[in-house]
Amino acid sequence: MKSRISPDEPFPEDLGRLKDQDVEVLNSKVHREVDHEFATEGEVHPETAARKDEVKDELDDRDAGPGLSLVPPHDGEKDADAHEEDDAGRAGGQH
């Protein structure tokens, strides 16, 4: 196993299609390459820097979780906010 990914090696075009674990491994390899380049050359290759930013953005997006869902709730499920409002109304004696 190679623990780094050099700028001339292939890099996935769409990180969004990768599993979380694969993105995390790629993140580790990119960071190890950054460390290697800085230690040996005194600077980071522009391609490596771009890859680092791309992986960071992907991980940040995944950490943020899903935003607005375009998928409607399943039949029989209520919107969480509507459910909380119903519960609050009953607690206050309102129907």
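Hi everyone, let's start with Leu59. Setting aside neighbours within four places in sequence, Leu59 is in contact with Val23, Glu24 and Asn27. One thing to keep in mind as we go: this is a predicted model.

Leu59 also belongs to the largest nonpolar core, a set of nine residues. Helix 1 gives the most, with four residues.

Now have a look at helix 2 itself. There are 19 residues in helix 2, and from first C-alpha to last it reaches 27 Å, close to the 27 Å expected at 1.5 Å a residue. Its buried residues are Thr48, Arg51, Val55, Glu58 and Leu59. Seen down the helix axis, these buried residues fall within an arc of 95 degrees, so they line one face of helix 2. Part of what covers them is helix 1. Over on the other side of helix 2, Pro46, Asp61 and Ala64 are exposed. Just past the end of helix 2, Gly65 takes a positive phi of about 80 degrees.

Let me finish with Arg51, which sits in helix 2, residues 46–64. Is Arg51 buried or exposed? Its relative accessible area is 5%, under the 20% cut-off, so Arg51 counts as buried. And what surrounds Arg51? Leaving out neighbours within four places in sequence, Arg51 is in contact with Ile5, Ser6, Pro7, Glu9, Pro10, Phe11 and Val30.

Conventions. Residues numbered from 1 in each chain as written. Predicted model: local features only at pLDDT ≥ 70, side-chain atom pairs only at ≥ 80, totals over all residues. Heavy atoms only, no water. Helix = DSSP H or I, 4+ residues; strand = E, 2+ residues; numbered from the N terminus. Buried < 20%, exposed > 50% of the residue type's maximum accessible area, 1.4 Å probe, protein only. Contact = heavy atoms within 4.5 Å. Core = buried A, V, L, I, M, F, W, Y, C linked by side-chain atoms within 4.5 Å. Expected span 1.5 Å × (residues − 1). Arc of directions from axis to C-beta.
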